[in-house]
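Colleague: I have the picture open and some quick things to ask. Could we go through them one at a time?

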Amino acid sequence: MPRIEPLEPPYSAQIGQALARWMPPGVAHEPLVLFRVLHRNPELASRMFAVGAGLLGHGLLADLDREIAIARVTARAGCAYEWGVHASVFAERVGLGPERLRATADADPTAHACWEPRHVALLRAVDELHDMDHLSPAAWSALRDHYEEAQLLEFLVLAGWYRTIGYLANGLLLDEEEWAVPFPA
């Protein structure tokens, strides 16, 4: 049971339109529980939408790289809710197959031979940010070998954003969406 109850239909016209904007294209599910809780504070939800939608729909990182980073950030945050939503909605679309998806939740995902060098750099950078709240010169250098400055800035914002989403989902005690991919045991 979430600490703050999500809104339930019927929604006001304004809330219904806002919730519809938050949902990924082609998803036939009710708006996410997280979105329905956030709309208990429509002004905050509106401000958050700009960042979230910008990162997902207008980013400079390759979609696959974005989803690998999101999966690792949410796995490290212990956020089964958001990991499962992205695994269900985006992983297959961007080419993040089951083996690599599961690996994002492992203690050392880079031990798997399934990663390209740029993905190893991303995964290690996420882990350093999670563990130390900064990047070592070696981690930064590895990222710079594969990404331009604008992409590096976006990666840092993306990692921080999904850490924030992890705080929200975990702090609210959100149950995983029924249709989402279960978090690996």
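Colleague: Is Cys114 buried or exposed?
Modeller: Cys114 is buried, its relative accessible area being 19%, where buried means under 20%, exposed over 50% and partly exposed in between, with a 1.4 Å probe and protein chains only. This is a predicted model, in which local features need pLDDT of at least 70, side-chain atom pairs count only at pLDDT 80 or more, and totals for chains, interfaces and linings use all residues. Residues are numbered from 1 along each chain as its sequence is written, and side-chain values use heavy atoms, leaving out hydrogens and water.

Colleague: And what about Cys79?
Modeller: Cys79 is buried too, with a relative accessible area of 0%.

Colleague: Switching to the backbone, which residues does a cis peptide bond join?
Modeller: Pro9 and Pro10 are joined by one, and its omega is about 5°. Pro10 sits in the segment before H1, helices here being DSSP runs of H or I with at least four residues, numbered from the N terminus.

Colleague: Which residue other than glycine has a positive phi near 60°?
Modeller: Asp133 does, with phi near 60°, and it belongs to the loop between helix H7 (117-132) and helix H8 (137-144). Asp133 is exposed, at a relative accessible area of 69%.

Methods
Helix = DSSP H or I, 4+ residues; strand = E, 2+ residues; numbered from the N terminus.
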